[in-house]
Amino acid sequence: SSKSGPPQTFALLSTLSTQIRAKFPTTSRDTQRLGFLHAILMIIKLSGNNIEHKHLISALNEIKLAHNENSPLLLKDLDPFLEQLKKEKYILREKKSLMDNESVYSWGPRAVVEFDPHNMAEFIFKVLLIIYNNFS
């Protein structure tokens, strides 16, 4: 049986030194965007590196990221955000088939270079561990 608990909050921590980090000014919006990018990449990776648009939306709704007023992006803002990630080469978007208009997302070349698979696996493990500890 699952326990009901308080909503979970996840934080991304920089391992860069203060001197290096100071060279890259960021805003809270940048941090939110990076967190949302991590979540999207994690969902894609856990889906075997291919996920249909409707399943991505469903997964984001399941973890309460795409519809919460306090989220960095509301569901209505998701398509432009995904388009931006595509332009920045973080994700690839292809049509499922010639007959089907459904889009399928996978990791783009920039995500492959910038996000180490071991670090991503560790991030996924920590998220799953928190979920398991709070809901089992």
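Student: What makes the pair Lys96 and Glu52 a salt bridge?

Tutor: The closest N and O atoms of Lys96 and Glu52 are 2.7 Å apart. A salt bridge is a side-chain nitrogen of Lys or Arg within 4 Å of a carboxyl oxygen of Asp or Glu, so the pair qualifies. The pair links distant parts of the chain, with Lys96 in the loop between β2 and β3 and Glu52 in strand β1 (residues 51-52), 44 residues apart. This is a predicted model, in which local features need pLDDT of at least 70 and side-chain atom pairs count only at pLDDT 80 or more, while totals for chains, interfaces and linings use all residues. Residues are numbered from 1 along each chain as its sequence is written, and side-chain values use heavy atoms, without hydrogens and water.

Student: Why is Glu52 called buried?

Tutor: Its relative accessible area is 15%. Buried means under 20%, exposed over 50%, and partly exposed in between (1.4 Å probe, protein chains only), so Glu52 is buried. Lys96, with 44%, is partly exposed.

Student: Why is Phe125 called exposed?

Tutor: Phe125 has a relative accessible area of 52%, which is over the limit for exposed. Phe125 lies in helix α6 (residues 117-135).

Technical notes: Helix = DSSP H or I, 4+ residues; strand = E, 2+ residues; numbered from the N terminus.
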